[in-house]
Amino acid sequence: GENVEQHPSTLSVQEGDSAVIKCTYSDSASNYFPWYKQELGKGPQLIIDIRSNVGEKKDQRIAVTLNKTAKHFSLHITETQPEDSAVYFCAAQDYQLIWGAGTKLIIKP
Amino acid sequence: NAGVTQTPKFRVLKTGQSMTLLCAQDMNHEYMYWYRQDPGMGLRLIHYSVGEGTTAKGEVPDGYNVSRLKKQNFLLGLESAAPSQTSVYFCASRGTNPQPQHFGDGTRLSIL
């Protein structure tokens, strides 16, 4: 079955710098890759997603890239702000959504 | 526009007690899911449903039962609660493939 690995588990960056979170997946049939943000005490919220026929997608300060050949996808956050502090999850879907273990992003003032 | 609503938000049970967690969605979604999230960890799928009247096991189904009698509701039951079931439970729903899952804010369950 599908397996999703996410790195790093914790990422600390200076406010204003960029943050990159990376995920790899094992099932070449996976065709949908969402990223979720989870704030303390809340459920995960979708921040961006990408489908397998697209290599990159941007939404303001957030971008996701997908390399199907290497089976990895990454989340890029530019000009980080204090409100970006949260846990971020990647996931990969074929017929079922398989989740990464999460990355705790800490934005230092 | 409520989205996914979970009730209750908090609950404390004693070992051996039973309870039902309710999830309701108002987006006419076919698919619904129950996850548990333990401290510092990711989401683990308990059970899911691909439509009214259907249910299927996820990664960690033991000790839980589910029912989807109405399209908008997905119930998670604990017949005999155990301390190992202390966790935060999240419900999610989504439309047909491939669509993102929409989550509720969770039920925090403690079993003493």
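Visitor: Is A:Cys23 buried or exposed?
Guide: This is a predicted model, in which local features need pLDDT of at least 70 and side-chain atom pairs count only at pLDDT 80 or more, while totals for chains, interfaces and linings use all residues. Residues are numbered from 1 along each chain as its sequence is written, chains are lettered from A and ligands numbered from 1 in the order in which they are written, and side-chain values use heavy atoms, with hydrogens and water left out. Relative accessible area (1.4 Å probe, protein chains only) is called buried under 20%, exposed over 50% and partly exposed in between. The relative accessibility of A:Cys23 is 0%, so this residue counts as buried.

Visitor: What is the handedness of the disulfide of A:Cys23 and A:Cys90?
Guide: A disulfide is a pair of cysteine sulfur atoms within 2.5 Å, and those of A:Cys23 and A:Cys90 are 1.9 Å apart. The torsion about their S-S bond is about -100°, so the disulfide is left-handed.

Visitor: How many residues apart in sequence are the parts that this pair, A:Cys23 and A:Cys90, ties together?
Guide: Strands (E, at least two residues) and helices (H or I, at least four) are DSSP runs, numbered from the N terminus. A:Cys23 belongs to strand 3 (residues 19-25) of chain A and A:Cys90 to strand 9 of chain A, so the separation of the parts tied together is 67 residues.

Visitor: Which residue does a disulfide join to B:Cys23?
Guide: The S to S distance of this link is 1.9 Å, and with -75° about the S-S bond it is left-handed. B:Cys23 is in strand 3 (residues 19-25) of chain B, and its partner is in strand 9 of chain B, 68 residues apart. Both cysteines are buried, and the partner is B:Cys91.

Visitor: Which side chain of chain A meets B:Asp105 in a salt bridge?
Guide: A salt bridge is a side-chain nitrogen of Lys or Arg within 4 Å of a carboxyl oxygen of Asp or Glu. The count between chain B and chain A is one. Its N to O distance is 3.9 Å, and the side chain that B:Asp105 meets is that of A:Lys42.

Visitor: What area is buried between chain B and chain A?
Guide: The contact, meaning heavy atoms within 4.5 Å, takes 19 residues from chain B and 18 residues from chain A. Buried area is the accessible area (1.4 Å probe) that two parts lose on being put together, summed over both. Carbon and sulfur atoms give 49% of it here, and the area is about 1400 Å².

Visitor: Which residue has its backbone oxygen 3.3 Å from a polar atom of the side chain of A:Thr80?
Guide: A:Thr80 lies in the loop between strand 8 (72-77) and strand 9 (86-93) of chain A, and at 2% relative accessibility it counts as buried. Beyond its neighbours within four places in sequence, A:Thr80 is in contact with several residues, including A:Val13, A:Arg61 and A:Ile107. The backbone oxygen at 3.3 Å belongs to A:Gln14.

Visitor: What is the phi of A:Gln60?
Guide: A:Gln60 sits in the loop between strand 6 (56-59) and strand 7 (62-67) of chain A. Its relative accessible area is 79%, so A:Gln60 is exposed. Although A:Gln60 is not a glycine, its phi is positive, at about 60°.

Visitor: Which residue does a cis peptide bond join to A:His7?
Guide: The omega of this bond is about -5°.

Definitions and conventions: A polar contact is a pair of N or O atoms within 3.5 Å; within protein, one must be able to donate a hydrogen and the other to accept it, and residues adjacent in sequence count only if both atoms are side-chain atoms.
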